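Colleague: Hi! Could you walk me through this one when you have a minute?
Modeller: Happy to, let me put it on screen.

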Amino acid sequence: MKIAILTGGGDCAGLNAAVRAVVVNATRNHDSEVWGVQGGLYGLHEGQFEKLESNFWYKEGFVLERGGTLLKTRVKRLPPEGVEREKFAVECEKVLRSQGFDALVIVGGDITLGMASIISKQNFPVIAIPKTIDNDVLDTESIGFNTALQVGVNAMDRVRTTAMSHDRVIIVEVMGRDAGFLPLSVAIAGGADIALIPEIPYQIEDLIEAIQERKRRDGFVTIVISEAAFPEGVQKNKVGVMGNQRYRGAAHILEENLCDQVHSVRSVILGHVQRGGAPLAFDRIIASRMGVAAVNALKAGKSDIIIGWDGSALTEIPLNKIQSRSLNVESNLVQTAIGLDIFLGKDLKKS
Ligand code: F6P
């Protein structure tokens, strides 16, 4: 088999482990060739392929501990401005066929996997592997989430000691786009007093009351805020052109809202620190399991599936069911936060 592999969308820790697993299993166990697509879906569209030998990474050092993606990925609007999604995907599929490929393994988040689903509809075999620090691909855990979570928790552990020394309120802004999985997990594992997530727009008066109450009790307060959490009735602040927008200002808006009424408020924005650096063992392992399983699936004649991880085992999700998810207020994660007395931005009993 001649297999193409690409990493698409924003990077995260663990992508290289997935690529390595695909290459090793395909080339050493299944007598197949693997070609890396340079630059994600844009690179595929342009026909940027490079053959990956079974030990290709040694010219760069080792690979399991490497953050980012050796294949590179361009974070640009997808599809390009003025081009239909279907047309772009069909053109990608034509490039694959014209270069003699039998299958595509694609590692990506919801947008990349949405494109993968259209490519697979052209009767081209595709196996998808989910990655995103946001953990927002429906029905699966994703590569990169656990490492980003640990970065957030390490930051909380550091911020807490300085907050305690000065009896301060410290806000930590965490990525995660429109889903609260990452910020709420950072809050739970990092011992935050307050967590503000996109699914629950916060109420300033309720929030100030909760801060004052915790300040009276403990002296200091730590707050985790999602980059996409804004006060009720306030439009979310985004910068960038359509299709390549990002959130900006959540922590600063909150700090400004608080500083007149709460003494000594400071904020920290973690941003891309959560995406970079070496993957934790957990991300290396799920990436390796998914990469090996992707090749085994192709060899078994399967295609058009996402290799998922349900928390205890690998799963196969139909690629055409690709969807993003957000946190349900009834979910165990939210209920755990409530059980831990983490204030979630407004009095949920009132609403
Ligand atoms: O989807 C991953 C993510 O890191 C989000 O958490 C964040 O909103 C976005 O990507 C940032 O994108 P960019 O790297 O283009 O600034």
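Modeller: One definition before we start: a polar contact here is a pair of N or O atoms within 3.5 Å. Also keep in mind that this is a predicted model.
Colleague: Okay, so how far is the polar side-chain atom of Glu227 from an oxygen atom of the ligand?
Modeller: That distance is 2.5 Å, and with a cut-off of 3.5 Å for such N or O pairs, it counts as a polar contact.
Colleague: And what about His272 and its distance to a ligand oxygen?
Modeller: An N or O atom in the side chain of His272 is 2.9 Å from an oxygen atom of the ligand. For Arg275, a side-chain N or O atom is 2.7 Å from a ligand oxygen.
Colleague: How much of the ligand does the protein bury?
Modeller: The protein buries 80% of the 400 Å² that the ligand exposes when taken alone.
Colleague: Which residues surround the ligand?
Modeller: Ile133, Asp134, Met175, Gly176, Arg177, Glu227, Arg246, His272 and Arg275. By class, that shell has five charged, two polar and two nonpolar residues.
Colleague: Which pocket is the ligand's space?
Modeller: The ligand takes up the largest pocket.
Colleague: Switching topic, how many aromatic pairs are there?
Modeller: The count is six aromatic pairs. One of them is Tyr42 with Phe88, a tilted pair with 5.8 Å from centre to centre and 55° between the planes.
Colleague: Why does that pair tie together parts that are apart in sequence?
Modeller: Because Tyr42 is in helix α2 (residues 40-45) and Phe88 is in helix α3 (residues 85-98), the pair links parts that are 46 residues apart in sequence.
Colleague: Nice. What about the backbone: is the bond from Leu78 to Pro79 cis or trans?
Modeller: The Leu78 to Pro79 peptide bond is cis, with omega near -10°. Pro79 sits in the loop between β3 (49-51) and α3. Most peptide bonds are trans.
Colleague: And what is phi of Ser264?
Modeller: Phi of Ser264 is near 55°, a positive value in a residue other than glycine. Most residues other than glycine have a negative phi.
Colleague: Where does Ser264 lie?
Modeller: Ser264 is in the loop between α8 (250-259) and β11 (265-269).

Terms used. Residues are numbered from 1 along each chain as its sequence is written. This is a predicted model: local features need pLDDT of at least 70, side-chain atom pairs count only at pLDDT 80 or more; totals for chains, interfaces and linings use all residues. Side-chain values use heavy atoms; hydrogens and water are left out. A residue is near a molecule or strand if one of its heavy atoms lies within 4 Å of it. A polar contact is a pair of N or O atoms within 3.5 Å; within protein, one must be able to donate a hydrogen and the other to accept it, and residues adjacent in sequence count only if both atoms are side-chain atoms. Accessible areas come from the Shrake-Rupley method with a 1.4 Å probe; for residues, only the protein chains shown count as cover. On a 1 Å grid over the protein atoms alone, a cavity is a set of points where a 1.4 Å probe fits but cannot get out, and a pocket is an open set with protein on both sides within 12 Å along at least five of seven lines; lining residues have an atom within 4 Å of a point. A molecule sits in a cavity or pocket if more than half of its atoms lie within 2 Å of its grid points. Ala, Val, Leu, Ile, Met, Phe, Trp, Tyr, Cys and Pro count as nonpolar, Asp, Glu, Lys and Arg as charged, and the others, Gly among them, as polar. Rings of Phe, Tyr and Trp (its six-membered ring) pair if their centres lie within 6.5 Å; planes under 30 degrees apart count as stacked, over 60 as edge-to-face and the rest as tilted. Helices (H or I, at least four residues) and strands (E, at least two) are DSSP runs, numbered from the N terminus.
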